[in-house]
Amino acid sequence: MNHISYHLKETGGATQGDKSCLGLLLKAEESGERVGLTPQEVIDEARVLLLAGFETTAVSMTWALVELARNLDMQTKLCDKCLEFGPTPSYDDLANKLPYLDAVVNEVLRLHTPIKQIQRSAMQEDIIPLSEPLRTASGNFTESVCIPKGTVIVVPFAALNCSVSMWGPDAKVFKPSWWYEWDEGTHGAREALHGYRHLMTFGDGAQICLGRLFALTEFKAVLFALMRNFMFEMADGPGMQIVESLGNLPRPEVVGSAEAGSVPLQVCRYEV
């Protein structure tokens, strides 16, 4: 990041006409105003832009191709739906007029959230009500939990997105039909989550991801273009075992592979 900052300054990247994200950050640093950014703040913001604005979408796209390669019937249906739609879709089309593409994208984000969990610190003491009574270490039951000020809380995005109580016994199965077939038995439980489509992928509340609509549009646009032209299959057959790699972003990888975070896929032209 220090090298990027130095390079932009040396090559005029922070000049008046530069409207790139990094260029604007550098100009904020050089403004001399009291509210300007420090060099370290510029570097920190650049890291956030790189991680949250690029890597998360790339990881989600990889998982989408893996799941579609493992479920060729779903992939064929998606290819046909994208071809039937016709021309390049607008923003409104991607958001509202491609329901099966929307279902596949939502299911990838549910089953393979790019951020597994996030930490939050309680700004003040609060009492959190529980959906069910909880047995404490003393053997008694409580219907609420007291959170003292300063307590660090881990919000388990992945666990909530795959909760059996919210999604039923198939919670850990790739199932796009969740998003267009009504399930009275589990829908009520999911109403407790108020984030995007009752998912925790983008967080919730005041700290919900500000770039979620851009990320969704980017994800759908790229997947739409790929599905209109190509088919993806597992290089070593449908039985190839895929697991999540360790790290901040859970990338797919082949069991026993020496290349961490990579999955070989066969790509061919889609013929109608």
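Let's start with a definition: buried means under 20% relative accessible area, exposed means over 50%, and partly exposed lies in between, using a 1.4 Å probe and protein chains only. Now the ground rules. This is a predicted model, where local features need pLDDT of at least 70, side-chain atom pairs count only at pLDDT 80 or more, and totals for chains, interfaces and linings use all residues. Residues are numbered from 1 along each chain as its sequence is written, and side-chain values use heavy atoms, with hydrogens and water left out.

First topic, charge pairs. Side chains of opposite charge can pair when their charged atoms come close. I call it a salt bridge when a side-chain nitrogen of Lys or Arg sits within 4 Å of a carboxyl oxygen of Asp or Glu. How many salt bridges does the structure hold? Nine.

Take D102 and R197. Their closest N and O atoms are 2.9 Å apart. This pair links distant parts of the chain, 95 residues apart. D102 is in helix α6, residues 99-111. R197 is in the loop between α9 (184-190) and α10 (212-227). Helices here are DSSP runs of H or I, at least four residues, and strands are runs of E, at least two, numbered from the N terminus. Is D102 buried or exposed? Buried, because its relative accessible area is 9%. R197 has 35% relative accessibility, so R197 counts as partly exposed.

Next, E107 and R110. Their closest N and O atoms are 2.8 Å apart in a salt bridge. Both lie in helix α6, three residues apart, about one turn of the helix. E107 and R110 are both buried.

D170 and K175 form another salt bridge, at 3.4 Å, N to O. D170 is partly exposed, because its relative accessibility is 32%. K175, at 25%, is partly exposed too. There is also a network of salt bridges, linking D92, D93 and K97.

Second topic, helix packing. α6 and α10 pack at an angle of about 120°, their axes 10 Å apart. Axes are lines fitted to C-alpha atoms, for helices over the stretch in contact, and angles run from 0 to 180 degrees between N-to-C directions. Which residues make the contact, meaning heavy atoms within 4.5 Å? From α6, L101, D102, V104, V105, V108 and L109. From α10, L216, F219, K220, L223 and F224.

Technical notes. Contact means heavy atoms within 4.5 Å.
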